[in-house]
Structures are given as structure tokens and as C-alpha cells.
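Here's a quick briefing to read alongside the coordinates. Have the sequence and the viewer open, and we'll go topic by topic.

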Amino acid sequence: PPVEYRFTNVLCASNGGTGGTSSTWQTSTSHTDSGLQVNKCYAYTVQARDSVTPTPNTGTASASSSAYTAAAIPGAPTLSSPSTSTLTLTNAENGNPAVNPTTVFAVFVSSTSPNDPKWPGFWVNSSGNGTSSTEVWMSDATLDALTVSNLATSTTYTFKVKERNFSNENTALGP
């Protein structure tokens, strides 16, 4: 006879999100939950029962298993306060949590016009320089006060941001 399963949403030890739901008894061995918060922890237990009538035999619930949801792709950063060699960057975190857990961001310079060889293809570091060939992860608070420096006069720069969740899974670069 078919076995049925019930997935129960339980609290994570830390960084738990809201909106998680439990399943009803079902024959499927998987449960898809929706309406979850970005970059938050969700945990579930699973329990099985047979189809003996009139009263099915129900097993003990498993230990919980948890995972973090993905971070949301960030919006386009805002650039302001231009000078001959600096711009101030303000991050568009797109609803990712600032704490519990902290979502981190990396800023990429995808192009410059005219070409500034110091910048295209580099990641901005926490000092506002573009010297890193790999991501430099920073908090939203750092990016909201970041002055990007060593820029060429009369040059247009294109900055894109990506995010990483608590499980170290990256998003794509945003606009």
C-alpha cells in the first residue's frame, strides 16, 4: 500500500524566516514551499505513515534539515556627488536583510567610456578602488557610504552589483 509523508516547517536555530508552511499528508516524497523571505533559514522535518486501516501506523518525525533561500538580485546602484576623480555609490539591496543574516554584496565595473584600463573587469574593494580580479564582499552599510576613487575625468563608468546569501550562493549581476 502507498506510504504517505508529511513535511512540517519548524523554526531554525537562528536567522529563521517567516512564511514557511507544512504539507498535508501526501504520497510525494518532496515538498515545495513558496512565499518565503530572501536569504533566510527554513527547516523541515518529515514523517511517514502507512495506509493500514482504520488507523495508519505513523513513524517518528525525522531530525530537521535546514537551508537558506537565495538572495534577491540587487537593483542598479545609485551614483552621486561626482568630482573629477570620485563618485559616491549607494546600494540598491532589493529587500535582502541587512542583519540576521547579513547579506553581502560585490560591485563590478563592467565598462568605461572612453576606456579607462584601471577599471573594466575589476571589482571594487572596500576602499573604493577597482584593483581586485575577484569579488570583494561588503555589507550594505559599507556600500551605502562608499566613495569610488581613482576615476578618470570625463569618463562614464558602469557599475553592477551582485549578492551572496548566508550559504555563500551568489546571485547574477544586477542592472
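Which residue in E2 stands opposite Tyr5? Ala48 does. Before going on, some ground rules: this is a predicted model, where local features need pLDDT of at least 70 and side-chain atom pairs count only at pLDDT 80 or more, while totals for chains, interfaces and linings use all residues. Residues are numbered from 1 along each chain as its sequence is written, and side-chain values use heavy atoms, with hydrogens and water left out.

**The E1-E2-E3 sheet**

- Strands here are DSSP runs of at least two residues, labelled E and numbered from the N terminus.
- An open sheet of 3 strands runs in the order E1-E2-E3, with antiparallel pairing; strands pair if DSSP finds at least two bridges between them.
- E1 and strand E3 (65–68) are the edge strands, each pairing on one side only.
- From one strand to the next, the twist averages 30°, with axes being lines fitted to C-alpha atoms and angles running from 0 to 180 degrees between N-to-C directions.
- E1 and E2 run antiparallel and are joined by 7 bridges.

**The disulfide**

- The structure holds 1 disulfide, meaning a pair of cysteine sulfur atoms within 2.5 Å.
- That link joins Cys12 to Cys41, with S to S at 2.1 Å.
- It connects distant parts of the chain, 29 residues apart: Cys12 sits in the loop between strand E1 (4–10) and strand E2 (41–49), and Cys41 in strand E2.
- The link of Cys12 and Cys41 is left-handed, with -80° about the S-S bond.
- Cys12 and Cys41 are both buried (buried is under 20% relative accessible area, exposed over 50%, partly exposed in between, using a 1.4 Å probe and protein chains only).

**Around E5**

- Strand E5 (residues 87–90) has Leu87 and Leu89 on its covered face, and Thr88 and Thr90 on the uncovered one.
- With strand E4 (residues 78–80), E5 pairs in the antiparallel sense over 3 bridges, and Ser80 stands opposite Thr88.
- E4 and E5 make a hairpin with 6 residues between them, and Ser81 in the turn has a positive phi of about 50°.
- E5 is also joined to E9 by 3 bridges, again antiparallel, with Leu146 in E9 as the bridge partner of Leu89.

**Thr153 and Thr84**

- Thr153 is in the loop between strand E9 (146–148) and strand E10 (156–164), and counts as exposed at 52% relative accessibility.
- Thr153 and Thr84 are 69 residues apart along the chain, yet their C-alpha atoms are separated by 5.1 Å.
- The side chain of Thr153 reaches the backbone oxygen of Thr84 at 3.3 Å.

**Aromatic pairs**

- Counting rings of Phe, Tyr and Trp (its six-membered ring) with centres within 6.5 Å, there are 5 aromatic pairs.
- Tyr68 and Phe166 have ring centres 4.9 Å apart and planes at 45°, so this pair is tilted (stacked is under 30 degrees, edge-to-face over 60, tilted the rest).
- Tyr68 lies in strand E3 and Phe166 in the segment after E10, so the pair ties together parts 98 residues apart in sequence.
- Tyr68 is buried at 17% relative accessible area, whereas Phe166 is partly exposed at 45%.
- Trp119 and Phe159 form an edge-to-face pair, 6.4 Å centre to centre with 70° between the planes, and both are buried.
- Trp119, Tyr157 and Phe159 form one aromatic cluster.

Technical notes:
Helix = DSSP H or I, 4+ residues; strand = E, 2+ residues; numbered from the N terminus. Polar contact = N/O pair within 3.5 Å; in protein donor to acceptor, adjacent residues only side chain to side chain.
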